[in-house]
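Visitor: I would like to learn how to read a few features of a protein model. Could you take me through them slowly?

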Amino acid sequence: MKIAIVGAAGRMGRELVKAVHATEGATLAGAIEQKGSIAVGQDVGLLAGLGKVGVLISDDPLSVFAKVDGVLDFTVPKATIEFAALAANARIVHIIGTTGCSEADDAKIKAAARHARIVKAGNMSFGVNLLVELAKRIAASLDEDFDVEVLEMHHRMKVDAPSGTALMLGEAIAEGRKVSLKDKAVRSRDGVTGERKRGDIGFATLRGGAIIGEHTIMFASDTERIEITHKAQDRGMFARGAVKAALWAHDKKPGLYSMKDVLGL
């Protein structure tokens, strides 16, 4: 499968380059950066620490999308919706790990999935997606005597909060409880907030240093507490998940999929 990386010169982009290069059945066939980037024209393998691989970074996504089978995208919402439209036109696979998308962005991605094979997930890690499934099952088993809090920690450079993974976990908890996350989510507390409301799904966000990503779900009653935690130790796990998703989607029909589909959960 011929795969291109968008945002190829960034930290995650370089991890994706290495993951594609190392995966049997996948071929690195394109690399894209925004116009004006000093990386344009460079061999993407050198930037990723692989040595020369013969793939030069381009600032023309249209020409790259026309010659590949799929693209891996961990960029920003504005760029992602543009890439989704290009993927739809090219009838290729589009793997989206971008977080912070609005409802309007998601609607455009869903429209593109009429022609593209799109896998979109707030986290491409196998472990995190298992955690999401566990969160849903635990939430379905416990009543509202158990308060639920989702705690997430990331590096200082992360621009969106709560993280896409935290929101995935919140949605899973809400689904397990058969409620709407929009109605139950509490994303900030400051000042005199009053008592915690029964059934709320709380979020807490920490930022600092070079933390790749840590997520904990706490179910707490008056008499006991359950905590489940996932800690990312290497960005490569997200990249490997994205490549697995691309290979899985290669022969699928156009549509919008998730990592739950990829992992058969």
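Visitor: Which residues of α7 are buried?

Guide: Before the answer, note that this is a predicted model, in which local features need pLDDT of at least 70 and side-chain atom pairs count only at pLDDT 80 or more, while totals for chains, interfaces and linings use all residues. Residues are numbered from 1 along each chain as its sequence is written, and side-chain values use heavy atoms, with hydrogens and water left out. Helices (H or I, at least four residues) and strands (E, at least two) are DSSP runs, numbered from the N terminus, and buried means under 20% relative accessible area, exposed over 50%, and partly exposed in between, with a 1.4 Å probe and protein chains only. In α7 the buried residues are G164, T165, A166, M168, L169, G170, A172, I173, A174, G176 and R177. Because 11 of the 14 residues of α7 are buried, the helix is largely enclosed by the rest of the structure.

Visitor: What covers the buried residues of α7?

Guide: Covering is judged by contact, meaning heavy atoms within 4.5 Å. The cover of α7 includes α6, β7 (147-154), α8 (181-184), β9 (201-207) and β10. For α6 (residues 126-141), the buried residues are V128, N129, L131, V132, E133, A135, K136, I138 and A139, and their cover includes α7 (164-177), β10 (213-220), β11 (225-232) and α10 (259-263).

Visitor: What span is expected for α6, and what span does the helix reach?

Guide: The expected span of a helix is 1.5 Å times one less than its number of residues. Helix α6, with 16 residues, reaches 23 Å from its first C-alpha to its last, close to the 22 Å expected.

Visitor: At what angle do α1 and α9 pack?

Guide: Two packed helices are described by the angle between their axes and the distance between the axes. Axes are lines fitted to C-alpha atoms, for helices over the stretch in contact, and angles run from 0 to 180 degrees between N-to-C directions. Helix α1 (residues 11-22) and helix α9 (residues 236-249) pack at about 55 degrees, with their axes 8 Å apart. That makes α1 oblique to α9, since angles under 35 degrees count as roughly parallel, over 145 as roughly antiparallel, 65 to 115 as roughly perpendicular and the rest as oblique.

Visitor: Is Q34 buried or exposed?

Guide: Q34 is exposed, with a relative accessible area of 58%, and lies in the loop between β2 (27-32) and α2 (44-47). Leaving aside neighbours within four places in sequence, Q34 is in contact with V40 and D59.
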